[in-house]
Amino acid sequence: MGASGGAFAGGGGIPVGGSFAGGGGVPVGGVGGPMHVSGGGDCCGGGSGAVLASGRHSGALVGSGMGAGFGPGYGTGTGTTLQANPGCGIGSGTSDTGCCVGGPESACGGVGSACFEGAGNMVSTTDWTYVGEGRGDYNRAGYNYVGEGAGSFTKETLSIPYGCRLRPCCLLLLPLLLLPFLLNYFLNNSTPTPMPTAPPAPPPMRIPVPIPAPPPPAPPPPPPPVPVPVPAAAPVPAPPAFGAFGTCIGWGDPHLRTFDGKRADYYSSGDYYLVKSGSVSIQGQYLPTKFTNGLAVTKMVAIGGPVLKGNKLVIGPLAATWNGAPILGQLGSHFSQPGLLTVNYDTSGALIDTTGGVDASKKKIVHVKISDGSPEGLSVQVNRWTASPGNEYVNWKIDMHARQDQDGHCGNFNGNAADDDRLAVRQRVGTQGVPAGPELLFGAKTPITVANRPDINNCPQATMTSAKADCAAKYGSAKMSCLTDYCFAGKEVALNK
C-alpha cells in the first residue's frame, strides 16, 4: 500500500509518498513530529527525561500488520506518548519513570535501582485519527487511504510499563543480609565445648569426735509451794475525832485540876490513869516521901498507847527511859523519834505549883511533843524537883484535845466539872488503879494500901478538907494518920490521940 500527499505519524516517523502502515506499521523516511518518552527507555538503566525526535527518520514499524512502506512523503505528526512508570520506589514522585521499589533512581540519590529494574512497557494502539485539512475519509476496518490531499493523520499510542523486577545480582546479596542473623542463631544454640574439669578432691579425713555423755536426767520438779496464810493486815484505826482542847495539871501530894476545871486530891499510893482513852494512855505513879508524913506525891509519869505505836516513855525526877533504855542525860539534851515525838530537857517553861512552896531558880523541865494528828499535837510538861535528897518528885501538865470515851484522874473532859470529883472518878475507873499486865506502863505494880488500913482516897472530899485543916492546927501538918482517923474514926479520935 502506498500513498502520496498524506502523511501519518507512527513511532515518530512521517511517511513520504503517502505510505501507510497497517497493523502497527511505522512509515520510514518521513519527516515526523516529536516523540516524547517519559522515564527513559530502561527503568533502571541509562536515560531519564524526555527524548525529542524531529526531522527525517528512517525507521521501521514492526507489527503484525502488512509490512513496511517507503516513500518520500512530508507531513507533521503529533508524536507517540509513553506513559510514565508509576513511582514504585519509596519516595518517588509521579514524574519518576523509575519502577524500583525501595527508593528513587540512583541518579536522584536513591537506592532502589541498585536491585530493581523495569520489566518493559505494554503499548496500546488506538485507531488512526484524521487531523489535517481536506477532510479525507478513512476506513475504520483498516488503514485505507481514501482521498488525495485529504490532510494529515496521527495515531495516539499509549505505553504502560509492566512494573519492576529484582536484578539477579541482588539475589547474591540476600544471604549476606541474612548472615548476621544466622550467626547469632548458631552461636546461641551451639553446644559449648566442655572445659576439662579438675579431678575431684579427695574426701576429707573423718576424725572421730567423742560423743558427749548424755546429760543427767533433770531433777524432779519441786513440789508446789504450800501457800502460807498471810495474816490479815491490822485494821487501820480511824482518824481520831478530836474534841475540845484543854489542860490538866498535878502537883504536890497530889492535887489535880481536871480538864473541866475541877479540883481533886488523891492521897494513897498506887499506879493510876491520869488519861485513859483508846489512843492515849498517860499514867502516874503515886508514892509518899519521908517529908510528906505518908501522903503520896507523883514520883513518875509514863506515856504510851497507839499514839506512840506501842512504845513507852517514862519520866521521873532523876531518870527517863524509852522502852526501858535511858535517855536525856544532862540539861540541854534531846531525844526524838521521827513521826512520833520529840523530847527536850532544859530550864525553860512556867512553874506548875504556884503556891510558893518551890524555888523557881532550881526548875528542871522535860518537854514532850507528840504528833497525834491534831494541829496542836499532844504536849506533856514534867517539872523535876531534886533539890532535897529523899524528897524527889515531879509536877506535871498535860495539853491535849479531848478523846472519845476519855476518863482518869484528869476527868472525862466532857465539859461537866461536877462529875470529875474524886469519888465519882474512882467509881468509874476503879479504886485499884491500872491493873497489872500489858496496860501497865511501869515495870511493877505499886501496892494501893498498907496492911489493913482503910484507903484514904475513899474519904469524902468535904470531910477531907476539914481533916486537913484540923490536923494541921493540932499537929502542925496534915499527917496521914490524923487524916485517916479523922475520915474513918471521927474528929474526936483524930484530935485526942
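Trainee: What makes the six strands β15-β16-β17-β18-β19-β20 an open sheet?

Mentor: In this predicted model, the six strands follow one another in that order with antiparallel pairing, where a strand is a DSSP run of E of at least two residues, numbered from the N terminus, and two strands pair if DSSP finds at least two bridges between them. β15 (270-276) and β20 (325-327) stand at the edges with a single partner strand each, so one side of each has no neighbour in the sheet.

Trainee: How do you know that β18 and β19 pair?

Mentor: Three bridges join β18 (residues 313-315) to β19 (residues 320-322), and because the definition asks for at least two, these antiparallel strands count as paired; Ile315 stands opposite Ala320 in β19.

Trainee: How far is the model to be trusted, in terms of pLDDT?

Mentor: The mean pLDDT, the predictor's confidence in each residue from 0 to 100, is 72, and 63% of residues reach 70 or more. Over residues 1-111 it is below 50, and where pLDDT is low, the predicted coordinates should not be read in detail. Local features need pLDDT of at least 70 and side-chain atom pairs 80 or more, while totals for chains, interfaces and linings use all residues. Residues are numbered from 1 along each chain as its sequence is written, and side-chain values use heavy atoms, leaving out hydrogens and water.

Terms used. Contact means heavy atoms within 4.5 Å. Helices (H or I, at least four residues) and strands (E, at least two) are DSSP runs, numbered from the N terminus.
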